[in-house]
Amino acid sequence: MAFDDLYQEIILDHYKRPRNSVDLSALPSEYAHENPTCGDSLKLVVESDDDGRIESVKFDGTGCAISMASASMMTDLLRGKTRSEAYDIAAQFTGVMRGERQVSELEEYGDLAALGGVAQFPLRIKCATLAWHAFERSAPLD
Amino acid sequence: MNTTQARSVESIRGDFPIINAPATGHIAYLDSAATSHKPRVVIDAISGYYEEANSNVHRAVHSLAAESTGRFERARSTVAKFIGANSVREIVFTRGTTESINLVASSFGQRFSAGDIVILTEMEHHSNLVPWQLLAARTGIELRFIPIDDRGVLELAALDELWTDRVRMVALTQVSNVLGTINDVRAVTDYAHERGVPVLVDAAQSVPHQRVGVDDLGCDFLAFSGHKIYGPTGIGVLYAKSPNLDQMEPYMGGGSMIEAVWLDRSTWTEAPQKFEAGTPNIAGAVGLGAAIEYVESIGIDALAAHEQELTRYAMESLATVAGLTMYGPDAPRGSVISFVIDDIHPHDVAQYLDREGVAVRPGHHCAQPLMRRLNVVAMVRASFGAYSTRQEIDRLVSALEKTKEFFAGGI
């Protein structure tokens, strides 16, 4: 597995021009989700409509290209999904990262498919899953 | 000690199979502070032990056992001479620095009670912090910390404020694994001993890179790992002055460490075996002995001079990289250099450097409190050993320039 599979153009694009990235510094630090082994940190705000459908996911984070690109892709992808759909995608993505599911499962999710290569870099999997675990924790099922 | 003709780094590189193997020879290995490469003589000593002597130590009377025990104990003697211990009885083999410090915190710390104080520093590796936190949770002792200034140098003047008559121990690193700071250990041991308090020195990053003598340092305990000084993993050393070892209770119980055992009680044999329960890492000890002999064949002072020169060169070279910030003092310092590059996360830097065949370490370097003190989440660390070259540092610098181009415009 080569470096270029890890840092695909589309990943660098999300890293350099993150979608749905806002200033959440007003949120207390308890809201920060952290990956202490590399110091990545992000805060997440999920807004849902009355039916529980996700209207927007916004984030504010610092971290490596993989963690920030993954957060950016996630915020794009989950907009408009029901919470239960969003949880399924999160479970699917983290499953692929852990090597428990086929990388090809990500193909239906557009940009996110580019992160499939991370599964081959054990030391970077936590970078890719940080935002997703943050989502799972910040939007508990009712 | 014999003074040997100074060997060239090219000749030293020839001793290390991994540097000369087709699959790995292209890698500029700048991660020796994490673990050093192993020379052929060490690998041969380990396999030679299994091929020629394999047997358990200190028990059987057959000739293989005698050979094994001989090799194991000669290694202990090599270690004792290398650090200037008074006796082989002061050398306990452990799994590494971490176990050595845990042993002291657990066994020597048994006599501490709630309200007693252990003084550490803000720059400790987790291995010289967490064992004391565990002891604090068990006994109610208090931990206090010698602060560092913004260059990463200990503010020893703070000892006057930290000190009370409840201080029972001081434990500090000799060389910071992040900042490269070389601490004035002697000043600390003098200060503590005037007040009757023992000092433990974490020598993991010093013993492989400079002459370390326990009498020069005046320390009561000293811990280091074999794998950072060209030896194998899984073997380390605790040096402790004999009276301390005699007073300490065992750390683990089992075979080898007993004198007599009844169903309800036991008595202990003498140090160092008292602290070496179970079959030890015999091959590891033999490998460590061979590693120290290897270091002495080059000359530890020659190694230190080589690494000092390289460190100076690397600091000058890295200073030319725009947007790069180095941490730690200018000099004197050990052969580790930690840095960050504006707007690029250390993991991305290290991953790109790997693509360029340059091996460095990103992260918090097992020193999260220090990272917090310096207001960074992580750093990139380059570190050097006997086989490191100027060309490798040049490759690091040019790969860093390419890293910046690749990630340009990031958040």
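A quick note on reading them: residues are numbered from 1 along each chain as its sequence is written, while chains are lettered from A and ligands numbered from 1 in the order written. Since the model is predicted, local features need pLDDT of at least 70 and side-chain atom pairs count only at 80 or more, but totals for chains, interfaces and linings use all residues.

**View 1. Two domains of chain B.** The assignment, automatic or from a database, gives domain 1 (9–30 + 299–407) and domain 2 (43–296). Their centres, taken over C-alpha atoms, are 28 Å apart.

**View 2. Where domain 1 of chain B touches domain 2.** Each domain puts 25 residues into the contact (C-beta atoms, placed from the backbone, within 7 Å). On the domain 1 side, α12(B) gives the most, five residues (helices are DSSP runs of H or I, at least four residues; strands are E runs, at least two, numbered from the N terminus). That side splits into 14 nonpolar, six polar and five charged residues (nonpolar: Ala, Val, Leu, Ile, Met, Phe, Trp, Tyr, Cys, Pro; charged: Asp, Glu, Lys, Arg; polar: the others, Gly among them).

**View 3. Inside the largest nonpolar core.** This core has 155 residues (buried Ala, Val, Leu, Ile, Met, Phe, Trp, Tyr and Cys joined through C-beta atoms within 7 Å; buried means 20 or more other C-beta atoms within 10 Å of a residue's own). Helix α11 (residues 282–298) of chain B supplies its largest share, 11 residues. Both domains of chain B give residues to the core, so it lies between them. Leu222(B), among those with the most contacts inside the core, touches residues including Ile83(B), Val201(B) and Tyr239(B), not counting residues up to four places away in sequence.

Terms used. Buried ≥ 20, exposed ≤ 12 C-beta atoms within 10 Å, placed from the backbone. Contact = placed C-beta atoms within 7 Å.
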